[in-house]
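Hi,

Here is the structure I promised to hand over. Please open it alongside this email and follow along.

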Amino acid sequence: AKVRIYQLAKELGMTNEELLEILDNMGVEYKSHASTLEDETAAAVKELIGEQRLAEEAKKAEEARKAIPHRAPVVVIMGHVDHGKTSLLDYLRKSRIAEKEAGGITQHVGAFEVKVASSSGTAGTVVFIDTPGHEAFTSIRERGAKVADIAVIVIAADDGVMPQTREAIAHAKAAGAKLIFAANKIDLPQANLDKVYQDLMREGIVPVAYGGDAEVLPISAKTGQGVQDLLETILITAELEDLRADPNAEAVGVVIESRVDKQAGVLASLLVQQGTLRVGDYVVAGEHWGKIRAMTDSEGARRNQTGPSTAVQVLGFSELPSAGTTFEWVPDQVAAKEITEERRLEREASAAAPEVNRPRNIADLLRQMQGSEQKEINLILRTDTQGSLEAIQQILAREQNEEVRINLLLAAVGAPSESDVLLASTANGAIFSFGVAPAGSVKKMAEQKGVPLQSFRIIYELIDEVRKMVRGQREPVY
Ligand code: GDP
C-alpha cells in the first residue's frame, strides 16, 4: 500500500514540516502532507534518514570520545639480556628523583612516572612498568590484560639484534603495543649504529634513518645521552595513539604484582587504567576481593585517590591476587563476596568438566579456527640453523595464499622455549620446530596450555603439514 506523507513522518519520528523539507530537497512533488508517495520515493527517504542518523550517531560518539581526557602512555622495556633494560629503568628512575627536591625515596609499586619537559613543545608524563623483560609482560598478558601501550626494545649497539631481541619484538607485536627501538651503549667506542639498523632490516623493520617508519633512538643508559629524545619520541607516538581514559568512570585496571609482607600483609600493585580508585573502595580481582585500606604511590607518598595511568601499592586484599588479573570497582562487600564466590564456583565446575575448548594438536587448532573468522595462522618457527630457517620461511611464504596467511610470530634459531609457548598461547598459535627438539619442560607446558607443538626432522613432512594447514583452512566444515 502506498504511504501518505504524514504517515511516513510519524513512522520516522519526525514532524510533517521536516519531512516536507526533505522531499523538497529531493525534488519530490506533492500537494499536501496527505499526498501519497511512490514506494521507491518512500524507500529512498527512509534510506536517506537512516544514513543521516547513523552519521549523527557517529558524530556524537566521536564527540563523547573527545570529551574524555588523554591519559599517559604505559611503557614496557624489553630486549636481550645484558643489553641495558635494568640500566635504562635505573636511569629513568634516578632522573625522576633528581628532579624532586625532597626526593630520594622510591617505593616499588610496579610502575613509575617520568615527567617529560621539553623545549620543542612535547611535554607530558610517561609511565614505565618497573620490571624489565618479556616473561613478566607476557604472563600478565596471558590472563587477557593489555598493559603496555608502547614497548621500548633495547638493543645494545655493540651487539646488535640477538635471540631475545627477536622474542621481545614478537611478544610486543602480539600484544598490540607500538614499538620503539633504543640503540643502547652508544657511549662505547665499539658501538655500531649502522649494524643495529641493518640487523633490524633483516627482521623486516625499516628504521627512519633508512626511509622507514621504525623509530630507532641512539641512547646511553649510562650517561643519559639520547634518553630525552627517547622520552619525547614516546610522547609523540602516544599522541598519535590518542590514548584516553575517563577519570569519572568506575575504577578498572590490572594487578601488576603482589606479595605478602610479614608486617603489612598482602600488598598488591595496581595499575589503574580507567576511572579513579579511592581509599575505602571495594575491588574484585579474579576470585579475590579487597577493601582498599591504604594506597602508596611510587614516590612513597600516601594517596587517598589515584586516576588513570597511575600505579599504586594497595593494602586491603586478604589473599594474593595474581599478577595480570584485571581488577574492578564494586559497590560494596556484598557484591565483592558474591562475585568472587560465583567465579570460584565457575572455576570448580569447569575444572570438573572435561576440557573441550583447549586445542591439543594442530588439527584441533584448525578446527577451532574454521569456526571463527580468523584467516591467519599464527606460527612460531624454530630451527637448527640460519640456513634452514631461511629456507623454511621461503616455503611458508610460497604455501600461503590469498585466503590464508601464515603469520610468523617469531622465526628464530634455537629450541622452542617456555616463553615461545606463552607467546603461542596468547596468540592462539602453533609452534613448529625443525631439527631442534624442545626440552621436556617446554613440551609439558605446551600440553598444559593446549599449544600445538610439532617437531620435524624431514623438510617434506613440514611442507606437508603446512599444506594441510592452509588447505584445512579453506575446507568448509558442516
Ligand atoms: P639487562 O640485562 O638488559 O637489564 O642489562 P643491564 O642493565 O643489567 O646491563 C648490562 C650491562 O651493561 C651492565 O654491566 C651495565 O652496566 C652495562 N650497560 C648498560 N647500559 C649501558 C650503556 O649505555 N653504556 C655502557 N657503557 N654500559 C651499559
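**What I found**

Start with the ligand: helix α4, residues 85–99, gives three residues to the shell around it, the largest share. Keep in mind that this is a predicted model.

**The ligand shell**

There are 15 residues around the ligand. D82, K85, T86, S87 and D187 come nearest. By type, the shell divides into seven polar, five charged and three nonpolar residues.

Now look at single atom pairs. In the side chain of T86, an N or O atom is 2.4 Å from an oxygen atom of the ligand. N184 also has a side-chain N or O atom to check: a nitrogen atom of the ligand is 3.1 Å from it. With K222, the backbone takes part: one of its polar atoms is 3.2 Å from a ligand oxygen. How much of the ligand does the protein bury? Taken alone, the ligand exposes 580 Å², and the protein buries 72% of that.

**Two residues with positive phi**

S309 is not a glycine, yet its phi is positive, about 60°. Find S309 in the loop between β15 (305–306) and β16 (310–317). Is S309 buried or exposed? Its relative accessible area is 4%, and buried means under 20%, so S309 is buried.

N428 is the other one to look at. Its phi is positive too, near 55°, and N428 is a residue other than glycine. N428 sits in the loop between α12 (418–427) and β20 (430–434). With a relative accessible area of 30%, N428 is partly exposed.

Best wishes

How values were computed. Residues are numbered from 1 along each chain as its sequence is written. This is a predicted model: local features need pLDDT of at least 70, side-chain atom pairs count only at pLDDT 80 or more; totals for chains, interfaces and linings use all residues. Side-chain values use heavy atoms; hydrogens and water are left out. A residue is near a molecule or strand if one of its heavy atoms lies within 4 Å of it. A polar contact is a pair of N or O atoms within 3.5 Å; within protein, one must be able to donate a hydrogen and the other to accept it, and residues adjacent in sequence count only if both atoms are side-chain atoms. Accessible areas come from the Shrake-Rupley method with a 1.4 Å probe; for residues, only the protein chains shown count as cover. Helices (H or I, at least four residues) and strands (E, at least two) are DSSP runs, numbered from the N terminus. Ala, Val, Leu, Ile, Met, Phe, Trp, Tyr, Cys and Pro count as nonpolar, Asp, Glu, Lys and Arg as charged, and the others, Gly among them, as polar. Buried means under 20% relative accessible area, exposed over 50%, partly exposed in between (1.4 Å probe, protein chains only).
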